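Trainee: Could we walk through this structure together, one question at a time?
Mentor: Gladly, let's have a look.

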Amino acid sequence: MGWMDHGTLALLWGMMIIVSLLARTGVFEFVSVRLIEASGMDMWRLTWMLMLFDCVLSAFLDNVSTMLLLGPVIISLCRAIGQDPRPMLIPMALFGNIGGTSTMIGDPPNLIIGNALKDEIGFVDFLRVLAPGVILTLFPALAFLRWYYGAALYSKKISVDIQELKERYPIRDFALLARSGIVLGFVLVLFFLHPVIHFEPAYAALFGAIAILLMGPSADFEHALEKVEWDSLLFFAGLFVFTEGIAELGLLRLIADQLSLVIESVPIAQRSLVSGVLIQVVAAVASAFVDNIPFTTTMIPVIKRMAANVEGLEIQPLAWALCFGADYGGMGTLIGSSANVVMAGVAAEAGYPISFMSFFRIGWPMMCICVCVSVGYLSLMIHIGYV
(Lines give C-alpha, C1' and ligand atoms only; values in the text may rest on other atoms or scores of the structure.)
Protein backbone atom coordinates (compact mmCIF):
# COMPACT_ATOMS: atom_id res chain seq x y z
CA MET A 1 0.00 0.00 0.00
CA GLY A 2 2.90 2.36 0.69
CA TRP A 3 4.04 2.13 -2.94
CA MET A 4 0.79 3.61 -4.29
CA ASP A 5 0.39 7.37 -4.84
CA HIS A 6 -2.81 7.94 -2.86
CA GLY A 7 -2.86 11.64 -3.79
CA THR A 8 -3.10 10.88 -7.52
CA LEU A 9 -5.79 8.25 -6.99
CA ALA A 10 -7.86 10.57 -4.76
CA LEU A 11 -7.60 13.44 -7.25
CA LEU A 12 -8.68 11.22 -10.15
CA TRP A 13 -11.61 9.77 -8.19
CA GLY A 14 -12.81 13.18 -7.05
CA MET A 15 -12.67 14.72 -10.52
CA MET A 16 -14.45 11.69 -12.03
CA ILE A 17 -17.33 12.12 -9.56
CA ILE A 18 -17.67 15.87 -10.23
CA VAL A 19 -17.44 15.49 -14.03
CA SER A 20 -19.94 12.61 -14.14
CA LEU A 21 -22.58 14.69 -12.35
CA LEU A 22 -21.81 17.75 -14.46
CA ALA A 23 -22.26 15.62 -17.59
CA ARG A 24 -25.63 14.39 -16.32
CA THR A 25 -27.00 17.92 -16.62
CA GLY A 26 -26.48 17.91 -20.40
CA VAL A 27 -24.31 21.02 -20.32
CA PHE A 28 -21.63 19.59 -22.64
CA GLU A 29 -24.14 18.66 -25.37
CA PHE A 30 -25.81 22.05 -24.87
CA VAL A 31 -22.53 23.89 -25.48
CA SER A 32 -21.72 21.74 -28.54
CA VAL A 33 -25.01 22.65 -30.22
CA ARG A 34 -24.33 26.33 -29.51
CA LEU A 35 -20.95 25.93 -31.16
CA ILE A 36 -22.62 24.61 -34.33
CA GLU A 37 -24.92 27.62 -34.29
CA ALA A 38 -22.00 30.00 -33.69
CA SER A 39 -20.04 28.45 -36.57
CA GLY A 40 -22.47 29.91 -39.08
CA MET A 41 -22.82 26.43 -40.66
CA ASP A 42 -19.16 26.55 -41.77
CA MET A 43 -17.40 23.19 -41.35
CA TRP A 44 -13.89 24.56 -40.74
CA ARG A 45 -15.11 27.15 -38.26
CA LEU A 46 -17.06 24.44 -36.42
CA THR A 47 -13.95 22.23 -36.37
CA TRP A 48 -11.54 24.76 -34.87
CA MET A 49 -14.16 25.95 -32.37
CA LEU A 50 -14.73 22.35 -31.23
CA MET A 51 -10.97 21.77 -31.01
CA LEU A 52 -10.53 24.85 -28.81
CA PHE A 53 -13.51 23.84 -26.68
CA ASP A 54 -11.93 20.39 -26.38
CA CYS A 55 -8.61 21.96 -25.30
CA VAL A 56 -10.26 24.05 -22.59
CA LEU A 57 -12.29 21.12 -21.23
CA SER A 58 -9.26 18.81 -21.33
CA ALA A 59 -7.21 21.35 -19.38
CA PHE A 60 -9.57 21.37 -16.41
CA LEU A 61 -11.50 18.09 -16.60
CA ASP A 62 -8.69 15.81 -17.93
CA ASN A 63 -8.60 14.59 -21.53
CA VAL A 64 -9.87 11.06 -20.78
CA SER A 65 -13.07 12.41 -19.21
CA THR A 66 -13.41 14.91 -22.07
CA MET A 67 -13.30 12.14 -24.68
CA LEU A 68 -15.89 10.13 -22.74
CA LEU A 69 -18.15 13.18 -22.59
CA LEU A 70 -17.68 14.72 -26.04
CA GLY A 71 -17.13 11.55 -28.10
CA PRO A 72 -20.79 10.47 -28.17
CA VAL A 73 -21.86 14.09 -28.70
CA ILE A 74 -19.57 14.49 -31.72
CA ILE A 75 -20.88 11.24 -33.22
CA SER A 76 -24.49 12.40 -32.79
CA LEU A 77 -23.75 15.82 -34.25
CA CYS A 78 -21.88 14.35 -37.24
CA ARG A 79 -24.74 11.97 -37.93
CA ALA A 80 -27.12 14.93 -37.81
CA ILE A 81 -25.11 16.79 -40.46
CA GLY A 82 -24.39 13.67 -42.56
CA GLN A 83 -20.64 13.58 -41.86
CA ASP A 84 -18.29 10.70 -41.00
CA PRO A 85 -17.30 11.44 -37.38
CA ARG A 86 -13.76 10.05 -37.61
CA PRO A 87 -12.20 13.24 -39.07
CA MET A 88 -13.59 14.97 -35.98
CA LEU A 89 -12.94 12.26 -33.39
CA ILE A 90 -9.24 11.72 -34.17
CA PRO A 91 -8.43 15.48 -33.95
CA MET A 92 -10.49 15.61 -30.73
CA ALA A 93 -8.13 13.06 -29.16
CA LEU A 94 -5.07 14.92 -30.48
CA PHE A 95 -6.20 18.33 -29.28
CA GLY A 96 -7.30 16.81 -25.97
CA ASN A 97 -3.68 15.79 -25.46
CA ILE A 98 -2.52 19.29 -26.39
CA GLY A 99 -5.02 21.05 -24.11
CA GLY A 100 -4.43 18.64 -21.24
CA THR A 101 -0.74 19.55 -21.26
CA SER A 102 -1.46 23.04 -19.92
CA THR A 103 -2.58 22.12 -16.37
CA MET A 104 -1.68 19.69 -13.62
CA ILE A 105 -5.01 17.85 -13.88
CA GLY A 106 -5.43 17.90 -17.67
CA ASP A 107 -3.32 14.87 -18.58
CA PRO A 108 -2.49 11.85 -16.37
CA PRO A 109 1.32 12.30 -16.79
CA ASN A 110 1.04 15.87 -15.47
CA LEU A 111 -1.01 14.65 -12.53
CA ILE A 112 1.58 12.00 -11.69
CA ILE A 113 4.46 14.51 -12.03
CA GLY A 114 2.64 17.15 -9.98
CA ASN A 115 1.95 14.77 -7.11
CA ALA A 116 5.44 13.26 -7.17
CA LEU A 117 7.10 16.71 -7.14
CA LYS A 118 4.55 18.63 -5.08
CA ASP A 119 7.26 20.25 -2.97
CA GLU A 120 8.97 21.71 -6.06
CA ILE A 121 6.08 22.62 -8.41
CA GLY A 122 2.41 23.50 -7.85
CA PHE A 123 -0.84 23.81 -9.80
CA VAL A 124 -0.21 27.45 -10.76
CA ASP A 125 3.32 26.59 -11.94
CA PHE A 126 1.86 24.24 -14.55
CA LEU A 127 -0.29 27.04 -15.94
CA ARG A 128 2.53 29.57 -15.76
CA VAL A 129 5.08 27.44 -17.62
CA LEU A 130 3.12 25.00 -19.79
CA ALA A 131 0.04 27.00 -20.87
CA PRO A 132 1.97 29.58 -22.99
CA GLY A 133 3.72 26.72 -24.81
CA VAL A 134 0.38 25.01 -25.42
CA ILE A 135 -1.08 28.23 -26.88
CA LEU A 136 1.89 28.52 -29.24
CA THR A 137 1.37 24.90 -30.28
CA LEU A 138 -2.28 25.39 -31.23
CA PHE A 139 -1.57 27.53 -34.29
CA PRO A 140 0.67 25.10 -36.24
CA ALA A 141 -1.50 22.18 -35.05
CA LEU A 142 -4.65 23.77 -36.50
CA ALA A 143 -2.80 24.68 -39.70
CA PHE A 144 -1.65 21.07 -40.12
CA LEU A 145 -5.16 19.78 -39.42
CA ARG A 146 -6.63 21.99 -42.14
CA TRP A 147 -3.96 20.91 -44.60
CA TYR A 148 -4.35 17.21 -43.77
CA TYR A 149 -8.08 16.92 -44.39
CA GLY A 150 -8.18 19.76 -46.93
CA ALA A 151 -10.97 21.40 -48.85
CA ALA A 152 -12.75 18.07 -49.42
CA LEU A 153 -13.95 18.23 -45.83
CA TYR A 154 -13.74 21.85 -44.73
CA SER A 155 -15.28 23.52 -47.76
CA LYS A 156 -18.63 21.87 -46.99
CA LYS A 157 -21.57 23.84 -45.66
CA ILE A 158 -23.47 22.29 -42.78
CA SER A 159 -27.12 21.58 -43.45
CA VAL A 160 -28.93 20.88 -40.19
CA ASP A 161 -31.97 22.03 -38.26
CA ILE A 162 -30.48 23.95 -35.33
CA GLN A 163 -33.83 24.25 -33.61
CA GLU A 164 -34.23 20.47 -33.63
CA LEU A 165 -30.76 20.02 -32.10
CA LYS A 166 -31.59 22.57 -29.42
CA GLU A 167 -34.72 20.63 -28.54
CA ARG A 168 -32.79 17.34 -28.52
CA TYR A 169 -29.95 18.61 -26.29
CA PRO A 170 -31.35 20.95 -23.60
CA ILE A 171 -30.04 21.46 -20.07
CA ARG A 172 -31.69 18.54 -18.33
CA ASP A 173 -31.20 19.47 -14.68
CA PHE A 174 -30.60 23.13 -13.76
CA ALA A 175 -30.40 22.41 -10.01
CA LEU A 176 -27.69 19.79 -10.50
CA LEU A 177 -25.88 22.14 -12.91
CA ALA A 178 -25.84 24.86 -10.25
CA ARG A 179 -24.56 22.48 -7.55
CA SER A 180 -21.93 20.91 -9.80
CA GLY A 181 -20.80 24.24 -11.22
CA ILE A 182 -20.40 25.83 -7.79
CA VAL A 183 -18.47 22.84 -6.42
CA LEU A 184 -16.23 22.62 -9.50
CA GLY A 185 -15.52 26.33 -9.33
CA PHE A 186 -14.65 26.06 -5.64
CA VAL A 187 -12.32 23.11 -6.32
CA LEU A 188 -10.55 24.98 -9.12
CA VAL A 189 -10.08 28.02 -6.85
CA LEU A 190 -8.43 25.74 -4.27
CA PHE A 191 -6.18 24.36 -7.02
CA PHE A 192 -5.05 27.89 -7.91
CA LEU A 193 -4.53 28.83 -4.24
CA HIS A 194 -2.38 25.78 -3.47
CA PRO A 195 0.92 27.75 -3.47
CA VAL A 196 -0.60 30.20 -0.96
CA ILE A 197 -2.63 28.03 1.42
CA HIS A 198 -0.82 24.71 0.76
CA PHE A 199 -4.08 22.77 0.56
CA GLU A 200 -3.41 19.63 -1.48
CA PRO A 201 -5.29 19.38 -4.84
CA ALA A 202 -6.14 15.76 -4.02
CA TYR A 203 -8.01 16.83 -0.87
CA ALA A 204 -9.74 19.65 -2.77
CA ALA A 205 -11.10 17.24 -5.39
CA LEU A 206 -11.96 14.63 -2.76
CA PHE A 207 -13.87 17.05 -0.52
CA GLY A 208 -15.58 18.58 -3.57
CA ALA A 209 -16.79 15.16 -4.69
CA ILE A 210 -18.02 14.27 -1.21
CA ALA A 211 -19.81 17.63 -0.92
CA ILE A 212 -21.61 17.27 -4.25
CA LEU A 213 -22.70 13.73 -3.37
CA LEU A 214 -24.03 14.77 0.04
CA MET A 215 -25.97 17.73 -1.41
CA GLY A 216 -27.82 15.63 -3.99
CA PRO A 217 -30.40 12.84 -3.93
CA SER A 218 -29.47 9.17 -3.76
CA ALA A 219 -29.99 8.81 -7.55
CA ASP A 220 -27.09 11.22 -8.15
CA PHE A 221 -24.95 9.22 -5.73
CA GLU A 222 -25.62 5.96 -7.58
CA HIS A 223 -25.10 7.56 -11.00
CA ALA A 224 -21.76 9.09 -9.98
CA LEU A 225 -20.39 5.84 -8.58
CA GLU A 226 -21.47 3.98 -11.73
CA LYS A 227 -19.60 6.47 -13.94
CA VAL A 228 -16.33 6.33 -11.99
CA GLU A 229 -13.70 4.57 -14.15
CA TRP A 230 -12.78 1.98 -11.54
CA ASP A 231 -10.65 0.02 -14.02
CA SER A 232 -8.54 3.13 -14.65
CA LEU A 233 -8.04 3.66 -10.91
CA LEU A 234 -6.97 0.03 -10.49
CA PHE A 235 -4.65 0.42 -13.47
CA PHE A 236 -2.98 3.43 -11.85
CA ALA A 237 -2.69 1.63 -8.51
CA GLY A 238 -1.07 -1.40 -10.12
CA LEU A 239 1.20 0.84 -12.17
CA PHE A 240 2.57 2.55 -9.07
CA VAL A 241 3.37 -0.84 -7.52
CA PHE A 242 4.99 -2.06 -10.75
CA THR A 243 7.16 1.04 -11.05
CA GLU A 244 8.35 0.79 -7.46
CA GLY A 245 9.24 -2.84 -8.14
CA ILE A 246 11.28 -1.79 -11.19
CA ALA A 247 13.01 0.81 -9.05
CA GLU A 248 13.91 -1.83 -6.46
CA LEU A 249 15.59 -3.90 -9.20
CA GLY A 250 17.88 -0.98 -10.10
CA LEU A 251 16.71 -0.49 -13.70
CA LEU A 252 15.79 3.15 -13.15
CA ARG A 253 19.20 3.82 -11.65
CA LEU A 254 20.79 2.39 -14.81
CA ILE A 255 18.66 4.63 -17.08
CA ALA A 256 19.45 7.68 -14.98
CA ASP A 257 23.16 6.89 -15.02
CA GLN A 258 23.24 6.57 -18.82
CA LEU A 259 21.35 9.84 -19.37
CA SER A 260 23.56 11.53 -16.80
CA LEU A 261 26.69 10.37 -18.63
CA VAL A 262 25.43 11.88 -21.88
CA ILE A 263 24.56 15.19 -20.21
CA GLU A 264 27.82 15.32 -18.22
CA SER A 265 29.71 15.33 -21.51
CA VAL A 266 28.20 18.78 -22.20
CA PRO A 267 29.66 21.99 -20.67
CA ILE A 268 27.97 22.85 -17.36
CA ALA A 269 26.45 26.09 -18.68
CA GLN A 270 24.58 24.18 -21.43
CA ARG A 271 23.49 21.12 -19.47
CA SER A 272 20.06 22.43 -18.51
CA LEU A 273 19.28 23.32 -22.12
CA VAL A 274 20.58 20.04 -23.57
CA SER A 275 18.82 17.92 -20.94
CA GLY A 276 15.53 19.69 -21.67
CA VAL A 277 15.78 18.91 -25.39
CA LEU A 278 16.99 15.34 -24.81
CA ILE A 279 14.25 14.45 -22.33
CA GLN A 280 11.49 15.92 -24.52
CA VAL A 281 12.58 13.97 -27.59
CA VAL A 282 13.19 10.69 -25.75
CA ALA A 283 9.92 11.02 -23.81
CA ALA A 284 7.91 11.81 -26.95
CA VAL A 285 9.18 8.84 -28.96
CA ALA A 286 8.94 6.41 -26.04
CA SER A 287 5.49 7.59 -24.93
CA ALA A 288 4.09 7.08 -28.42
CA PHE A 289 4.70 3.33 -28.22
CA VAL A 290 4.53 2.38 -24.52
CA ASP A 291 1.74 4.74 -23.35
CA ASN A 292 2.74 7.95 -21.64
CA ILE A 293 1.44 6.97 -18.18
CA PRO A 294 3.82 4.09 -17.39
CA PHE A 295 6.68 5.92 -19.08
CA THR A 296 6.13 9.03 -16.96
CA THR A 297 5.89 7.00 -13.76
CA THR A 298 9.13 5.29 -14.69
CA MET A 299 10.94 8.54 -15.56
CA ILE A 300 10.16 10.52 -12.41
CA PRO A 301 12.77 8.75 -10.26
CA VAL A 302 15.17 9.09 -13.20
CA ILE A 303 14.94 12.88 -13.41
CA LYS A 304 15.12 13.12 -9.61
CA ARG A 305 18.37 11.17 -9.67
CA MET A 306 19.74 13.27 -12.53
CA ALA A 307 18.94 16.53 -10.71
CA ALA A 308 20.62 15.25 -7.56
CA ASN A 309 23.77 13.85 -9.18
CA VAL A 310 24.55 16.04 -12.22
CA GLU A 311 26.03 19.48 -11.63
CA GLY A 312 24.12 22.25 -13.41
CA LEU A 313 20.72 20.50 -13.44
CA GLU A 314 17.62 21.42 -11.46
CA ILE A 315 14.45 19.37 -11.09
CA GLN A 316 11.97 21.99 -12.39
CA PRO A 317 13.24 22.27 -16.02
CA LEU A 318 13.53 18.47 -16.19
CA ALA A 319 9.93 18.12 -14.96
CA TRP A 320 8.61 20.56 -17.59
CA ALA A 321 10.55 18.75 -20.31
CA LEU A 322 9.04 15.45 -19.20
CA CYS A 323 5.54 16.99 -19.21
CA PHE A 324 5.85 18.29 -22.76
CA GLY A 325 7.52 15.15 -24.08
CA ALA A 326 5.19 12.63 -22.49
CA ASP A 327 1.99 14.59 -23.18
CA TYR A 328 2.78 15.43 -26.81
CA GLY A 329 4.30 11.98 -27.38
CA GLY A 330 0.92 10.49 -26.52
CA MET A 331 -0.38 11.85 -29.83
CA GLY A 332 2.04 9.75 -31.90
CA THR A 333 0.08 6.51 -32.02
CA LEU A 334 -3.31 5.12 -31.08
CA ILE A 335 -1.84 3.49 -27.96
CA GLY A 336 0.19 6.54 -26.92
CA SER A 337 -2.32 7.90 -24.43
CA SER A 338 -5.43 6.81 -22.59
CA ALA A 339 -7.50 9.50 -24.35
CA ASN A 340 -6.67 7.95 -27.74
CA VAL A 341 -7.74 4.50 -26.58
CA VAL A 342 -10.98 5.86 -25.11
CA MET A 343 -11.74 7.73 -28.35
CA ALA A 344 -11.16 4.59 -30.43
CA GLY A 345 -13.45 2.62 -28.15
CA VAL A 346 -16.24 5.20 -28.41
CA ALA A 347 -15.88 5.28 -32.21
CA ALA A 348 -15.86 1.48 -32.56
CA GLU A 349 -18.93 1.12 -30.37
CA ALA A 350 -20.77 3.54 -32.66
CA GLY A 351 -19.73 1.60 -35.79
CA TYR A 352 -16.77 3.75 -36.88
CA PRO A 353 -13.62 1.68 -36.19
CA ILE A 354 -10.28 3.53 -36.26
CA SER A 355 -7.20 1.56 -37.30
CA PHE A 356 -3.70 2.01 -35.90
CA MET A 357 -2.36 3.28 -39.25
CA SER A 358 -5.21 5.73 -39.89
CA PHE A 359 -4.43 7.35 -36.55
CA PHE A 360 -0.66 7.13 -37.05
CA ARG A 361 -0.80 8.98 -40.39
CA ILE A 362 -2.12 12.14 -38.72
CA GLY A 363 -0.95 11.58 -35.12
CA TRP A 364 2.79 11.08 -35.77
CA PRO A 365 3.35 14.24 -37.84
CA MET A 366 1.14 16.21 -35.41
CA MET A 367 3.31 14.95 -32.56
CA CYS A 368 6.51 15.97 -34.38
CA ILE A 369 5.16 19.48 -35.04
CA CYS A 370 4.09 19.95 -31.42
CA VAL A 371 7.38 18.64 -30.01
CA CYS A 372 9.35 20.99 -32.29
CA VAL A 373 7.34 23.92 -30.91
CA SER A 374 7.72 22.79 -27.29
CA VAL A 375 11.47 22.20 -27.66
CA GLY A 376 11.95 25.72 -29.00
CA TYR A 377 9.66 27.26 -26.38
CA LEU A 378 11.14 25.47 -23.37
CA SER A 379 14.70 26.08 -24.57
CA LEU A 380 13.96 29.80 -24.72
CA MET A 381 12.37 29.75 -21.25
CA ILE A 382 15.41 27.95 -19.82
CA HIS A 383 17.79 30.35 -21.58
CA ILE A 384 16.12 33.45 -20.12
CA GLY A 385 15.78 31.88 -16.68
CA TYR A 386 11.96 31.71 -16.62
CA VAL A 387 12.03 28.08 -15.45
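This is a predicted model: local features need pLDDT of at least 70, side-chain atom pairs count only at pLDDT 80 or more; totals for chains, interfaces and linings use all residues.

Trainee: Is threonine 66 buried or exposed?
Mentor: Threonine 66 lies in helix α4; helices (H or I, at least four residues) are DSSP runs, numbered from the N terminus. Buried means under 20% relative accessible area, exposed over 50% and partly exposed in between, with a 1.4 Å probe and protein chains only. Because its relative accessibility is 1%, threonine 66 counts as buried.

Trainee: At what angle do the axes of α3 and α4 cross?
Mentor: Axes are lines fitted to C-alpha atoms, for helices over the stretch in contact, and angles run from 0 to 180 degrees between N-to-C directions. Helix α3 covers residues 43-61 and helix α4 residues 63-80. Their axes come within 8 Å and cross at roughly 145°.

Trainee: Which residues of α4 make the contact with α3?
Mentor: Contact means heavy atoms within 4.5 Å. From α3 come Leu50, Phe53, Asp54, Leu57, Ser58 and Leu61, while the α4 side gives Asn63, Ser65, Thr66, Leu70 and Ile74.

Trainee: Is serine 374 buried or exposed?
Mentor: Serine 374 is found in helix α19, residues 356-384. Not counting residues up to four places away in sequence, serine 374 touches Gln280, Phe324 and Tyr328. A polar atom of its side chain lies 3.0 Å from the backbone oxygen of valine 371. With a relative accessible area of 1%, serine 374 is buried.

Trainee: How far apart are the C-alpha atoms of tryptophan 13 and leucine 233?
Mentor: Tryptophan 13 lies in helix α1, residues 6-24, and at 18% relative accessibility this residue counts as buried. Leu233 is one of the residues that tryptophan 13 touches, and Leu206 and Trp230 are among the others. Along the chain, tryptophan 13 and leucine 233 are 220 residues apart, yet their C-alpha atoms are separated by 7.6 Å.

Trainee: Why does the span of α18 agree with what we expect?
Mentor: The expected span of a helix is 1.5 Å times one less than its number of residues. Helix α18 (residues 338-349) has 12 residues, so the span should be 16 Å. The end C-alpha atoms of α18 agree with that, being apart by 17 Å.

Trainee: Which glycine follows α18?
Mentor: Among the buried residues of α18 are Ala339, Val342 and Met343, and what covers the buried residues includes α4, α5 and α19. After α18 comes a residue whose phi is positive, near 95°: glycine 351.

Trainee: How many residues of α5 are buried?
Mentor: The end C-alpha atoms of α5 are 21 Å apart, which agrees with the 21 Å that its 15 residues should span. The helix α5 is largely enclosed by the rest of the structure, because the buried residues number 14 of the 15.

How values were computed: Residues are numbered from 1 along each chain as its sequence is written. Side-chain values use heavy atoms; hydrogens and water are left out. Helices (H or I, at least four residues) and strands (E, at least two) are DSSP runs, numbered from the N terminus. A polar contact is a pair of N or O atoms within 3.5 Å; within protein, one must be able to donate a hydrogen and the other to accept it, and residues adjacent in sequence count only if both atoms are side-chain atoms.
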